[in-house]
Number of protein chains: 2
Amino acid sequence: MTEYPLVQPEPLRQFCIEALKKAGIPDEDACIVAGIQLEADLRGVHSHGSIAIIGYAGRIKAGGNKANPNIHIISEAPAYALVDGDDGLGQIVAYRAMEICIRKAKATGLACVGVNNSSHFGAAASYAMMALKENLIGVATTNAAAIIPPTGGKTGIFGTNPISVAVPTGHSFPVVLDMATSTVATQKIVQAYREGQKIPAGWGMDKEGNTTTDPLTALTSGIQPPLGGYKGYGLAMIVEILAGVMTSARFGRATEGKNWALGNHLNVGHFFIALNPAMFLPLDEFKSRVEQLITDVKSVQLIEGTQKVYVPGEIEWEKRNKYLKEGIPYPPAALAQLEKFGQEIGVGVKLR
Amino acid sequence: MTEYPLVQPEPLRQFCIEALKKAGIPDEDACIVAGIQLEADLRGVHSHGSIAIIGYAGRIKAGGNKANPNIHIISEAPAYALVDGDDGLGQIVAYRAMEICIRKAKATGLACVGVNNSSHFGAAASYAMMALKENLIGVATTNAAAIIPPTGGKTGIFGTNPISVAVPTGHSFPVVLDMATSTVATQKIVQAYREGQKIPAGWGMDKEGNTTTDPLTALTSGIQPPLGGYKGYGLAMIVEILAGVMTSARFGRATEGKNWALGNHLNVGHFFIALNPAMFLPLDEFKSRVEQLITDVKSVQLIEGTQKVYVPGEIEWEKRNKYLKEGIPYPPAALAQLEKFGQEIGVGVKLR
């Protein structure tokens, strides 16, 4: 395995803020996007981390995204809102939408916010986890470029359509599920390609729907297998309906790759839910029950050869604590690309 | 494959109603439970169909369930309610809870209902689909006997914890996802065992966590693999938190099989959501967009050897239409068991 150079969190944040500001993003928004991308790197999800700002800056330059969008509520009631992202960066749009969702859920117990005219929002967990500081359960989904075929087909119809759920806990790390409904997130295949590695069987399909271990074949076939077969296909379709169909965003066949050129308006849709466990029982009791469930999970007998059972979000939490102290081991090819980008646009911050 | 005898829907419904009434269930409730179980048979989900009433009658006789429960709301607000099932049959409890959820969602756009002190409720789709007649999207989940270990473990912590989502459509069949977060529903393994068939690799685990094709080994090991590995484990844990932890139902380790004796109070938990797509766009427009998505799915190029791509719920819909006309092809071993049960308790209706 290649040696990964260490990048310190604060310079990386400053690098991203400066780069985003150079792309025309207002200060406050640049800080939000940089914070979200940094958190993804800290959680070890480099595929959705700071490297993505190169693409975002490119989309703003090409006119596909606006640096100063007019994000606004189209319709609302106590338990819901529909938000027009006005072609803002997905991170800004999703952050604002989840703020609204959290505010509403604090008043009603349960609320949802749909979003249209957005774009790629990074890691879904970023928005589900926003609910945690208010002791709410957060749910975040989005549609994306058509890449998952229905079972039996070889034409992509659904995006990787991730589902993230974050649950507040007591003394433990928060429980955070963040999963693509494809076998893996597209960006993990991109990363394998960047690093010159093969992908495990089952991650990718060739054009004919056969499995492949070559990341380039998988990326250029335009399709990816759904998680666990027809069930993953079903989950991807439900996410497409909630985040794409119901929000008046682009959906299905219309999201196919050729429509994702840098200058295109994407009209990606998101769907967020926030719910307050305290509507059913005292918060302390909820938290101690979640802790009991974590204890149950940790108490299982291990399959031979297994060292430890992890709770969803625990690996990312451990990485975050380690990387905050020691620095982020950054995939070298991506780091070189990011540094080159910084030089081109004149970012003064050094990453190593 | 064994020849399946045909059972006509109406005699089967009457058989179930009579059997449930003999168990002490009031008329109206017996009709509800019989209707729910008949629908599962009509959809080809025999594992969750009329055969299950034998067990339900046994649980009432043994005192584990009440024939006349006092199902009531513990707490509520416009967007949510928490319901105490008072040890009623899961079907009755879930039906009443989903009625409340639908009523609330019609007023607020989005509502959820948590349930405790319930028991096995049959097929999750039964309740998600209740939302369809009101043109709402329905979501139904439940926890269940601990059988799914976390990834790397060989002790069951989570139930098969199904997720069902039903979506209203225009001229097409409704989109209905109904999936266990295990690789398959437990009852499908029970059915394979009843019919003397092997199970596909990946459906079951032996006690050490290795895959097995013998249904008895799979059923007696007490564990089942989660859907697609760690992602299915994550989904099972989220369902456990929503349906079990948050509702004050029994959860995690405490739901292990030894606590499921006929005479035991189970305190199973459910969680339901209903949402109105018309909160975001006119209903007709929503429906025509869902139809467009179905058209997209149906338009894909097929993988060699595939005849047709199905939308979630379509296979069950086709079966229902066929079985309503021709009768239900009923698994013979289960049918003999049901007839024997009918004779024992003096049900007059003949099934063939």
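User: Which residues have the most contacts inside the largest nonpolar core, and how many residues does that core have?

Analyst: In this predicted model, the residues with the most contacts inside that core are A:C101, A:A128, A:F272, B:C101, B:A128 and B:F272. In soluble globular proteins, nonpolar side chains tend to be buried together. The size of the largest nonpolar core here is 244 residues.

User: What does A:A128 touch, leaving out residues up to four places away in sequence?

Analyst: A:A128 is listed with those that have the most contacts inside the largest nonpolar core. Leaving out residues up to four places away in sequence, its partners are A:G138, A:V139, A:A140, A:S164, A:V165, A:A166 and A:V176.

User: How confident is the predictor about chain A and about the complex?

Analyst: For chain A, 99% of the residues reach a pLDDT of 70 or more, and the mean is 95. Where pLDDT is low, the predicted coordinates should not be read in detail. For the complex, the predictor gives a pTM of 0.96 and an ipTM of 0.96.

User: What radius of gyration does chain A have, and what would a compact globule have?

Analyst: The C-alpha atoms of chain A fill a box of roughly 55 × 55 × 50 Å along the principal axes. A compact globule with 352 residues would have a radius of gyration near 20 Å. Chain A agrees with that, at 20 Å.

User: How much of chain A is buried, and what share of its contacts with a separation of 6 or more comes from residues 24 or more positions apart?

Analyst: Chain A has 11 helices and 11 strands. Of its 352 residues, 59% are buried. Among contacts with a separation of 6 or more, the share from residues 24 or more positions apart is 66%.

User: Which element of chain A supplies the largest share of the side that touches chain B?

Analyst: The contact takes 61 residues from chain A and 61 residues from chain B. On the chain A side, strand 3, strand 4, strand 6, strand 7, helix 8 and helix 9 each supply at least two residues. The largest share, 8 residues, comes from helix 8 of chain A.

User: How does that side of chain A split by class?

Analyst: Going by class, the side of chain A that touches chain B splits into 37 nonpolar, 17 polar and 7 charged residues.

User: Is A:A111 buried or exposed, and which residue of chain B does A:A111 touch?

Analyst: A:A111 sits in strand 4 of chain A. It has 29 other C-beta atoms within 10 Å, so A:A111 is buried. Its contacts beyond four places in sequence include A:A79, A:Y80 and A:C101, and the one from chain B is B:L110.

User: How do strand 6 and strand 7 of chain B run, and what is the bridge partner of B:A166?

Analyst: Strand 6 (residues 163–167) and strand 7 of chain B run antiparallel, joined by 5 bridges. The bridge partner of B:A166 in strand 7 is B:V176.

User: What do the buried residues of helix 6 of chain B pack against?

Analyst: The buried residues in helix 6 (residues 186–194) of chain B include B:Q187, B:I189 and B:A192. After this helix comes B:G196, with a positive phi near 70°. The buried residues of helix 6 pack against strand 8 and helix 7 of chain B.

User: Is B:D86 buried or partly exposed?

Analyst: B:D86 lies in the loop between strand 3 and helix 4 of chain B. Its phi is positive, about 45°, although B:D86 is not a glycine. A residue needs 20 or more C-beta neighbours to be buried. B:D86 has 18 inside 10 Å, so it counts as partly exposed.

User: Is B:N161 buried or exposed?

Analyst: B:N161 is in the loop between strand 5 and strand 6 of chain B. Its phi is near 35°, positive in a residue other than glycine. With 28 other C-beta atoms within 10 Å, B:N161 is buried.

Notes. Residues numbered from 1 in each chain as written. Chains lettered and ligands numbered in written order. Predicted model: local features only at pLDDT ≥ 70, side-chain atom pairs only at ≥ 80, totals over all residues. Contact = placed C-beta atoms within 7 Å. Helix = DSSP H or I, 4+ residues; strand = E, 2+ residues; numbered from the N terminus. Nonpolar A, V, L, I, M, F, W, Y, C, P; charged D, E, K, R; others polar. Buried ≥ 20, exposed ≤ 12 C-beta atoms within 10 Å, placed from the backbone. pLDDT = per-residue confidence, 0-100. Core = buried A, V, L, I, M, F, W, Y, C linked by C-beta atoms within 7 Å. Rg over C-alpha atoms; globule rule 2.2 N^0.38 Å. Pairing = 2+ DSSP bridges.
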